[in-house]
Amino acid sequence: MTKENLENINLPRHIGIIMDGNGRWAKQRGLKRSEGHKAGAQVFRNICNYAEDIGIECLTFYAFSTENWKRPAEEINAIMNLFRDYLMEAQEKEEENEEKGMRIRYIGERSGLPEDIVGMIEQLESLSAEKHKITVNLAVNYGGRDEIIHAVKKIAKRVEAGELKPEDITQEDIDGNLFTAGLPDPDLIIRPSGEYRLSNFLIWQSAYSEFWFSNILWPDFTPDDLDKAIIDYSKRNRRFGGV
Ligand code: IPE
Ligand code: IPE
Ligand code: MG
């Protein structure tokens with residue numbers, strides 16, 4: 001993004017990215033699917049750093065869905081190991097004070113993840129809790145429907161305890177009990193790989209999001225592609241139901 005562009009455009013506050021196409025990228029090269037995930041994990045790091053540089057406030061990366069457990073165990077293990085590598089590396093950076101402005105949060109169902117990973121997530125969340133330049137949400141074992149059920153259960157408990165009347169339940173009650181509580185809704189959702197669907201990503205929060213689709217496979221996604229998506233976004237007319 002040129003400095004001039006940056007000064008003149010309306011940046012999205014929150015961008016959601018569905019990191020799709022790793023498997024097809026590997027297949028095109030005659031590699032194992034896990035090699036595609038490895039390349040994709042590198043692109044995730046680059047895009048995080050770039051987004052921080054240009055001043056994006058919040059990014060949510062969809063890395064593993066509640067439906068992805070249907071995949072072969074070998075592929076799931078490879079993805080979890082890449083997640084471990086990233087968490088370890090991010091923790092080292094925090095401890096050595098190399099990471100200045102990135103707050104890392106996890107969204108998804110922790111109880112379904114290996115215990116060591118949950119421990120690493122919790123440590124990283126607390127180590128980075130005071131960082132304010134950019135918030136990076138990692139959506140792993142995340143599903144939008146699962147997230148809504150989780151919120152509804154919490155609200156139902158308050159109703160059961162007599163703290164809330166069913167007729168008084170508001171959108172804010174739902175918002176406040178989602179994994180993304182406290183974050184702005186995604187302004188822009190990016191899905192590469194030529195698929196035109198959400199696949200259970202931020203289904204509540206995306207009610208008024210702008211979408212950007214592309215045929216690029218995630219491991220080929222570059223900061224220039226992010227620029228293109230942001231520039232397109234900045235030309236959209238968001239009406240939110242008004243005129
Ligand atoms: C996205 O890439 C990563 C995950 C869903 C974990 P895919 O693995 O879905 O890649 P394709 O869609 O098969 O190319
Ligand atoms: C969506 O991709 C989930 C992630 C990128 C983590 P999928 O590859 O799982 O989505 P479908 O199955 O094509 O809808
Ligand atoms: Mg896919």
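How many residues surround ligand 1, and which are the closest? In this predicted model, where local features need pLDDT of at least 70, side-chain atom pairs count only at pLDDT 80 or more and totals for chains, interfaces and linings use all residues, the answer is 13, the closest being Asp-20, Gly-23, Arg-24, Arg-33 and Arg-71; a residue makes the list if one of its heavy atoms lies within 4 Å of the molecule. Residues are numbered from 1 along each chain as its sequence is written, chains are lettered from A and ligands numbered from 1 in the order in which they are written, and side-chain values use heavy atoms, with hydrogens and water left out.

Polar contacts (pairs of N or O atoms within 3.5 Å) come next. The side chain of Arg-33 has an N or O atom 2.9 Å from an oxygen atom of ligand 1. On its own, ligand 1 has 380 Å² of accessible area, and the protein covers 87% of it (Shrake-Rupley method, 1.4 Å probe). As for elements, α2 (22-28), α3 (33-54) and α4 (73-95) each give two or more residues to the shell around ligand 1, and α2 has the largest share with three. Helices here are DSSP runs of H or I with at least four residues, strands are runs of E with at least two, and both are numbered from the N terminus.

Now to ligand 2. Its surroundings include Ile-18, Met-19, Tyr-62, Ala-63, Phe-64 and Asn-68. Taken alone, ligand 2 exposes 390 Å², of which the protein buries 78%. Strand β2 gives the largest share of this shell, three residues.

And the sheet behind all these labels? That open sheet has six strands in the order β3-β4-β2-β1-β5-β6, paired in parallel; two strands pair if DSSP finds at least two bridges between them. Since β3 (102-107) and β6 (210-213) stand at the edges with a single partner strand each, one side of each is left without a neighbour in the sheet. Neighbouring strands are turned by 20 degrees against each other on average, direction ignored, with axes taken as lines fitted to C-alpha atoms and angles running from 0 to 180 degrees between N-to-C directions. Strands β1 (residues 14-18) and β2 (residues 58-65) run parallel and are joined by five bridges. Within that pair, Ile-15 stands opposite Leu-59 in β2.

Technical notes:
A polar contact is a pair of N or O atoms within 3.5 Å; within protein, one must be able to donate a hydrogen and the other to accept it, and residues adjacent in sequence count only if both atoms are side-chain atoms.
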